[in-house]
Every structure is written in C-alpha cells, then in structure tokens.
Amino acid sequence: MSDIRQILDMNAFDASKGTTGKVQRRLDNLGAASVLFYRQPIEMISAQGAWMQAADGTRYLDFYNNVPSVGHSHPEVVRPISEQIARLNTNTRYLVGVVDEYLEALKARLPEPLSNVMLTCSGSEANDLALRVAFAATGARGVIVTQTAYHGNTALVTDVSPSAMKRGAPPDWVETVPAPGSAAYGDDIAGGFAQAVTEAMARLTARGHGVAALLVDSIFSSDGVFADPPGFLRAAAKAVQAAGGLLIADEVQPGFGRTGGGFWGFERHGVAPDIVTMGKPMGNGFPMAGMAARPAHLQSFCAETGYFNTFGGNPVAAAAGLAVLRVIEAEGLQHNAARIGAQLMQGLQTIAKGSERVGQLRGAGLFLGVDLIRDGAPDPAFTTQVIDAMRASGVLIGAAGRYGATLKLRPPLCLDAAEAAQFLDAFERAVSG
C-alpha cells in the first residue's frame with residue numbers, strides 16, 4: 001500500500017536537491033514555510049480566462065487553480081475593484097452601501113435561516129469562526145471530519161485538518177471517519193458514512209466532549225473528490241443534528257456554482273447546514289471569505305466573545321464579491337460548469353475504458369477527481385509522472401487523496417469546449433506515455 005501523503009507534499013518542489021537563482025531567493029525569503037509546485041517551479045507573469053503565462057513565454061491551460069473562479073483577470077471584476085479602491089477603502093466599522101448590497105446579494109443565494117453573514121479575509125478564518133460558533137451554540141467541543149480533510153491553517157482549524165499534519169494526530173476532541181466512497185463503504189455509501197459518523201459521535205461523547213459539529217467540505221476535495229450518489233450526506237447530517245450538533249458545510253472549494261447542479265455543493269445532498277463557510281472563489285483572487293449562520297447561533301458566540309474583523313468585508317472586497325456574483329449569473333457559469341463538466345467526464349470515461357492506469361472517476365460539474373492506479377492500487381508515482389507530462393503539454397493540474405494518487409480537476413468556470421478537448425488530449429497522451 002502507498003504511504004499516506006500530506007497535502008502540501010503533493011506535486012511539491014523538493015528543495016533538498018539544490019536550488020539556484022529565483023528559487024533560492026524565494027527560499028531565503030520564506031524559509032521552511034515556502035511551498036512551490038512542480039520539480040521545476042514556474043515563474044508566472046500574467047493570466048487571462050483559463051490561461052496563465054510564464055516568464056519564458058509558455059502558456060498553460062489552468063486546471064489547477066479554483067481561486068479565479070470566473071476566470072483569471074476577468075475585466076468585469078477588475079473594473080469595480082479598481083473603481084472602489086480609487087474611491088474608498090476603509091475598515092468595516094462604517095456604513096458603506098456596497099458592503100450591504102453584497103451581503104444581501106449573497107444571502108439571496110443562501111438558505112433563508114442563515115441570515116447573518118460574517119465576512120473574513122480567508123477560508124481559514126471563516127472555518128475558525130464557524131467552529132467557535134458551534135462550540136458556543138452547542139456547549140460541546142467534539143468535531144467530526146474526514147480522514148484526509150483540509151479546512152485551513154489557523155491553530156484551531158489545523159486541529160481539524162488531518163491532511164495538513166506532518167506528525168501526530170488530531171487532538172482528543174476530534175474524530176475522523178473515512179471519506180464517503182465505495183472503498184470504505186461498498187455499495188451503501190450513505191448508510192456506511194452515517195454509521196461511521198454515529199460511531200464517532202459515540203466515541204466523542206464517551207470521552208466527555210459531546211458533539212459540536214460535523215465539518216465537511218461538501219465535495220470532499222482533499223479526500224480525493226467524492227460527490228455521488230447525490231444525497232449521501234443527508235443521513236449523517238440528520239444524525240448529528242438530532243444529537244444536538246451542527247452541520248458545517250465548508251463551501252470554500254465547491255461553492256459558487258462549481259458543481260454545476262446547484263450554487264452550493266451541499267445542495268447536491270439536500271441537506272440544511274447550520275453554518276456555511278466560504279472563501280477563495282468569492283473574490284476571484286481578491287482575499288475574502290465568509291461564514292453564514294443562524295442569528296441565534298451567532299448570538300450565543302457573541303454573548304461570550306467580542307468579535308470584529310478589520311479587513312473582512314471592506315468596501316473593495318465587497319465590490320469584488322458583488323462583481324463575481326454578477327458575472328456568474330450574466331455569463332451562465334453554473335450552467336457552463338454542468339455542460340463542460342459533462343463533456344470532460346464523458347471524455348475521461350472513454351479514456352478510462354482504454355487504459356489500465358485510470359481508475360475511478362468522480363465529481364460534479366467542474367470539480368472532478370481521477371484515480372490513477374497500478375494493478376488496481378493507488379499509484380502516486382505515476383500520478384506525479386502524469387502531472388509532469390501534462391505540464392510539458394501546457395496543462396496545469398494537481399493531486400489529492402489519501403495517497404496523492406487522484407488528479408484534481410478545478411479549471412475556471414469559464415472553460416469552453418475547445419479548452420476541455422485540449423485537456424482531454426493532453427491527459428490521454430500523459431496516461432499512455
């Protein structure tokens with residue numbers, strides 16, 4: 001069996017083999033915290049739509065980066081950001097019209113009970129705040145996550161991000177369960193996942209922590225991308241809520257139309273989250289994130305702890321977020337995610353039929369996972385080989401999963417049919433080489 005891999009080790013540059021020039025400059029500046037992708041890091045200078053351009057003139061089709069959700073450097077996002085920062089950018093303790101306009105537009109796309117939205121600067125902050133709200137609202141401390149979950153990098157959120165841990169294990173108040181796939185639960189993914197969560201709740205209760213929350217990225221991205229069958233999350237969510245815990249839907253990656261069938265990933269499962277967290281795609285690269293909660297739950301937290309965020313929800317962030325919502329609607333990007341995602345899945349299925357190295361295909365819309373295997377087992381070495389081969393063909397892609405043997409496809413939502421075909425051609429050559 002392959003070794004379990006830490007999330008930042010996947011497709012990472014190995015500095016131990018020696019560095020020079022600009023790479024060494026980066027390492028000198030960031031030290032041990034430096035993270036670069038690829039065996040030979042890329043210096044990027046510009047990007048537009050689904051494409052990025054390197055300093056050496058090479059253009060890359062971006063299947064890696066879900067942050068510029070509506071497309072790199074989208075002019076209808078760049079313009080309002082530029083106009084707003086030229087007019088006013090200040091802290092969040094003033095009345096500024098664009099901030100409430102954005103909050104109301106965002107709330108119109110959320111479940112009605114989640115009528116309070118706190119804006120932050122990063123998904124890590126949003127998930128940190130969500131956990132603190134859950135602790136206050138339930139009076140419990142126990143949290144359940146999947147075995148290879150990643151939810152951010154504050155001290156609290158790292159504790160519920162097993163895939164970020166190089167050593168040790170989550171603390172006593174955290175329980176992990178296998179990702180919701182057939183490898184762990186056979187044909188009954190919904191029942192098996194709910195049973196695993198129920199058993200985790202019992203262990204937390206026995207240790208005196210109670211059940212505060214089930215925290216899930218609703219596309220299970222770092223676990224290797226798990227979307228089917230639709231509705232599999234419902235039984236586990238109901239079990240947690242019946243026990244007094246909260247369902248926290250981490251929509252940092254699947255949210256904002258990426259899965260195609262709904263604006264949020266949790267909609268695929270017909271669940272009613274108690275808290276929704278958001279991040280990266282909200283501002284198309286501008287740093288912003290948020291947490292939506294029920295007023296009573298937020299009140300429980302604020303009764304004990306004062307909270308403010310100087311930059312979260314500043315006027316420029318609000319202008320960026322509002323622009324992203326408008327572009328998604330005006331350009332039909334959620335529908336495009338469904339349409340082009342179906343094209344990609346159909347093409348991948350055809351390639352998989354002719355290749356012994358392509359295993360399960362999973363996902364929804366423009367968020368897909370492709371297992372790469374040898375003799376039926378995960379093959380992280382071959383995955384790295386394919387990633388490098390695709391880079392040589394001008395396509396950027398990353399890895400995920402417990403063993404780093406799942407290709408993770410997350411192109412900008414503006415991806416068109418010709419670009420999808422270009423990806424499929426590069427992938428077919430890479431797995432055949």
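A cavity is a set of grid points where a 1.4 Å probe fits but cannot get out. Keep that in mind for the first close-up of this predicted model.

Figure 1. Searching the whole structure turns up 1 cavity of 30 Å³ or more. The largest cavity holds about 40 Å³ of space. Around it you'll find Thr146, Ala149, Tyr150 and His151, along with Asp217, Phe220, Ser221, Ser222 and Asp223. Sorted by class, that lining comes to 3 nonpolar, 4 polar and 2 charged residues. Rolling a probe the size of a water molecule over the atoms shows where empty space is left.

**Figure 2. The second largest pocket.** Here we turn to an open space, with a volume of about 510 Å³. The second largest pocket is lined by 26 residues, and the ones nearest its centre are Ala183, Asp223, Phe226, Arg402 and Tyr403. Which elements give two or more residues to this lining? They are α6 (182-185), β11 (358-364), β12 (367-374) and β13 (377-378). Going by class, the lining of the second largest pocket has 12 nonpolar, 10 polar and 4 charged residues. Asp223 turns up here among the residues nearest the centre, and Asp223 is also listed in the lining of the largest cavity.

**Figure 3. Serine 355 in its loop.** Serine 355 sits in the loop between α11 (333-353) and β11. Is serine 355 buried or exposed? Its relative accessible area is 14%, so serine 355 counts as buried, the cut-off for buried being under 20%. A polar atom of the serine 355 side chain lies 3.1 Å from the backbone nitrogen of arginine 357.

**Figure 4. A salt bridge within one helix.** The count of salt bridges in this model comes to 15, and this view picks out one of them. Glutamate 76 pairs with arginine 79, and their closest N and O atoms are 2.9 Å apart. Both belong to helix α2 (residues 75-87), where they are 3 residues apart, so about one helical turn separates them.

**Figure 5. A salt bridge between two helices.** Arginine 326 and glutamate 101 form a salt bridge, with 2.9 Å between the closest N and O atoms. Arginine 326 is in helix α10 (residues 315-330) and glutamate 101 is in helix α3 (residues 97-107), so this pair ties together parts that are 225 residues apart in sequence. Arginine 326 counts as partly exposed at 49% relative accessibility, and glutamate 101 is partly exposed too, at 39%.

Figure 6. Arginine 207 forms a salt bridge with glutamate 175, and the closest N and O atoms are 2.9 Å apart. This pair links distant parts of the chain, 32 residues apart: arginine 207 is in the loop between α7 (189-206) and β7 (213-217), while glutamate 175 is in strand β6 (residues 174-177). Arginine 207 is partly exposed, with a relative accessible area of 33%, but glutamate 175 is buried at 10%.

**Figure 7. Strand β16 and its partners.** Look along strand β16 (residues 406-409): Thr406 and Lys408 point one way, Leu407 and Leu409 point the other way, and all are buried. β12 and β16 run antiparallel and are joined by 4 bridges, with leucine 368 standing opposite leucine 409 in β16. Strand β15 (residues 398-400) also pairs with β16 in the antiparallel sense, over 3 bridges. In that pairing, alanine 399 stands opposite leucine 407. The hairpin of β15 and β16 has 5 residues between the strands, and in it glycine 401 takes a positive phi near 95°.

**Figure 8. An open sheet of 4 strands.** The strands are arranged in the order β1-β2-β3-β14, with mixed pairing. At the edges stand β1 (44-48) and β14 (395-396), each with a single partner strand, so one side of each has no neighbour in the sheet. Strand β3 (residues 59-62) pairs with β14 in the parallel sense over 2 bridges, and leucine 61 stands opposite valine 395 in β14. Strands of a sheet pair through backbone hydrogen bonds, either parallel or antiparallel.

Technical notes: Residues are numbered from 1 along each chain as its sequence is written. This is a predicted model: local features need pLDDT of at least 70, side-chain atom pairs count only at pLDDT 80 or more; totals for chains, interfaces and linings use all residues. Side-chain values use heavy atoms; hydrogens and water are left out. On a 1 Å grid over the protein atoms alone, a cavity is a set of points where a 1.4 Å probe fits but cannot get out, and a pocket is an open set with protein on both sides within 12 Å along at least five of seven lines; lining residues have an atom within 4 Å of a point. Grid points are joined across faces, edges and corners, and a volume is the space filled by probe spheres set on the points. Ala, Val, Leu, Ile, Met, Phe, Trp, Tyr, Cys and Pro count as nonpolar, Asp, Glu, Lys and Arg as charged, and the others, Gly among them, as polar. Buried means under 20% relative accessible area, exposed over 50%, partly exposed in between (1.4 Å probe, protein chains only). A polar contact is a pair of N or O atoms within 3.5 Å; within protein, one must be able to donate a hydrogen and the other to accept it, and residues adjacent in sequence count only if both atoms are side-chain atoms. A salt bridge is a side-chain nitrogen of Lys or Arg within 4 Å of a carboxyl oxygen of Asp or Glu. Two strands pair if DSSP finds at least two bridges between them.
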